[in-house]
Amino acid sequence: MLVPTPAPADTLPRPLRPVVAPTDTLVRVLPCSGATRAAVGRILFAGNAITKERILRAELDFKEGDTLSLADLPARLEANRRRLFNLQLFHAVVVQASCAGGQWLVVFGVQERWYTFPVPILSLADRNLRSWLNRPDRWRRVDYGLHLTRVNFRGRNEQLIANLQLGFNRKYELFYEVPGLGRYRRLGFGVGASYFQSHTLDYRTLDDRLTPLRADDNFPIQRFYATAGLRFRHTVQFRTAFDVSYHREQISDSANYYNPKYFLGRTQREFLDFTLSSTRNQRNTFAYPLTGQYAQVSLTHRVFFDNTTPSLTTLRATYSRYLSLGHQFYYSLGVSAQARLARAFGYPDARALGYDDLVRGYDEYVIDGRHYGLVQQGLSYRLFEPKTIRLGSIDNPKVNTIPLALYGNIFADAGYVVAPNTIPQNRLPNHFLRALGLGLHLVTYYDRVFTAEYTLNGLGQTGYFFRAEFPI
């Protein structure tokens, strides 16, 4: 009696939680007749005129020769399709698996984006148009230049950023980022340098607002830094980075006179920053995540060259969770915290809320201190399904397709800053900060997210605020 040969086992690990494959044509499976498992015979890519194929293959969690079961195939293909899409190199990614000679033929189709973005810089050096118009030397108080970003440089998902800004405030920058090298793209690096001069310096915080010092004939602040670091890519979703940066900063005698604590009595300082960070990104999409989670932890140790300024250690942590509640409702929760350890530190090292992290509704304020915590949460409702606008007058597929999705949002934020030493005029440190609000979120071209919000903060103040990023 013949004993039937058992079907080959699935040879792949399951590092990803299975996801439900969409019902549209992004994932399509044409199975082999009567087979529940089959080996992957070939993996093909179509549409990647610029992007190197080895860059795409390194993102996949399977290869030729691996055995895939029919039951798990739709979810596995969708997980890998999302990996390619979250490279943020393509407008769209589709995948099809079909039977060819008893093996899987897997074809990924991509539509590449436009990768070069030259953006002119033209801005006023004053806080608003009216104050600029009131100055007799208004035309000297203009910033102009060019911001250039080259994404997917050399077709290898490398990034090149250059800034040339002249006028009232001057900035010269160049950064180069290589996310991964080699066959498996496990090790990468980043380098860059920046030089900045400004005729305006925010030299202190008074009434929980920044106080500027302006000087038309010199620069109250000049900064230079150079950075280099390694990137360790454990998996597509888990990465670690180690960076070392050299900084030289100088302020004017006037800035030191008005705030001797700015650099702890000095007009110039030099230091090295050593930063170790780890990021786990399991969001379904990076632009406007609806499901998944995100976590990042960073530790920075700062050592000054003068042998008298005490060293400074900063620990930051961020965690976000995104849930689909069904019926077009989505919930998001974000938690951020910072702890800063030092015997003493200068004014620019005391930043807490109101800079990178913010309790919405307190946009006009800054809160300085040693430590802080922030909680943000929101409930979104998709007002209409993501749609695509096609511009028939433009032939280039990289720019003639504009996706649109609109979400309504209600949110609540809370935060607290620990500041052992603060002046009485600053009321917000060591006080509970809270806010409620309503918002509209527009997701569109090249992962752009625009938000319009109406907020009530804990001071009883209301206001409309506009942002160009997803808040959580």
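Trainee: Which residue does R57 meet in a salt bridge?

Mentor: E64, with N to O at 3.1 Å. The term needs a side-chain nitrogen of Lys or Arg within 4 Å of a carboxyl oxygen of Asp or Glu. Keep in mind that this is a predicted model: local features need pLDDT of at least 70, side-chain atom pairs count only at pLDDT 80 or more, and totals for chains, interfaces and linings use all residues. Residues are numbered from 1 along each chain as its sequence is written, and side-chain values use heavy atoms, with hydrogens and water left out.

Trainee: How many salt bridges does the structure hold?

Mentor: The structure holds 20. One of them joins R81 and E78, with the closest N and O atoms 2.8 Å apart.

Trainee: How far apart are R81 and E78 along helix α2?

Mentor: Three residues. Helix α2 covers residues 73-85, so R81 and E78 are separated by about one helical turn. Both are buried. Helices (H or I, at least four residues) and strands (E, at least two) are DSSP runs, numbered from the N terminus.

Trainee: What does D413 form a salt bridge with?

Mentor: R360, again with the closest N and O atoms 2.8 Å apart. This pair links distant parts of the chain, 53 residues apart. D413 is in strand β22 (residues 401-418), and R360 is in the loop between β19 (351-353) and β20 (367-368).

Trainee: Which ring does R360 lie over?

Mentor: The ring of F411, at 3.9 Å from the ring centre. R280 lies over the face of F238, at 4.3 Å. The rule wants NZ of Lys or CZ of Arg within 6 Å of the ring centre and within 35 degrees of the ring normal.

Trainee: Switching to rings. How many aromatic pairs are there?

Mentor: The count is 19. Rings of Phe, Tyr and Trp (its six-membered ring) pair if their centres lie within 6.5 Å; planes under 30 degrees apart are stacked, over 60 edge-to-face, and the rest tilted. Y176 and F189 are an edge-to-face pair, 6.1 Å centre to centre with 70° between the planes.

Trainee: Where do Y176 and F189 sit?

Mentor: Y176 is in strand β9 (residues 170-181) and F189 in strand β10 (residues 187-198). Y176 is buried at 19%, whereas F189 is partly exposed at 27%.

Trainee: Why is the Y257 and Y258 pair called edge-to-face?

Mentor: Because their planes are at 75°, with the ring centres 5.3 Å apart. Y257 is exposed at 64%, and Y258 is partly exposed at 49%.

Trainee: Last one, on the backbone. What is phi of D208 near?

Mentor: It is near 60°, a positive value in a residue other than glycine. D208 lies in the loop between β11 (200-206) and β12 (209-214). D208 is buried, at 1%.

Conventions
Buried < 20%, exposed > 50% of the residue type's maximum accessible area, 1.4 Å probe, protein only.
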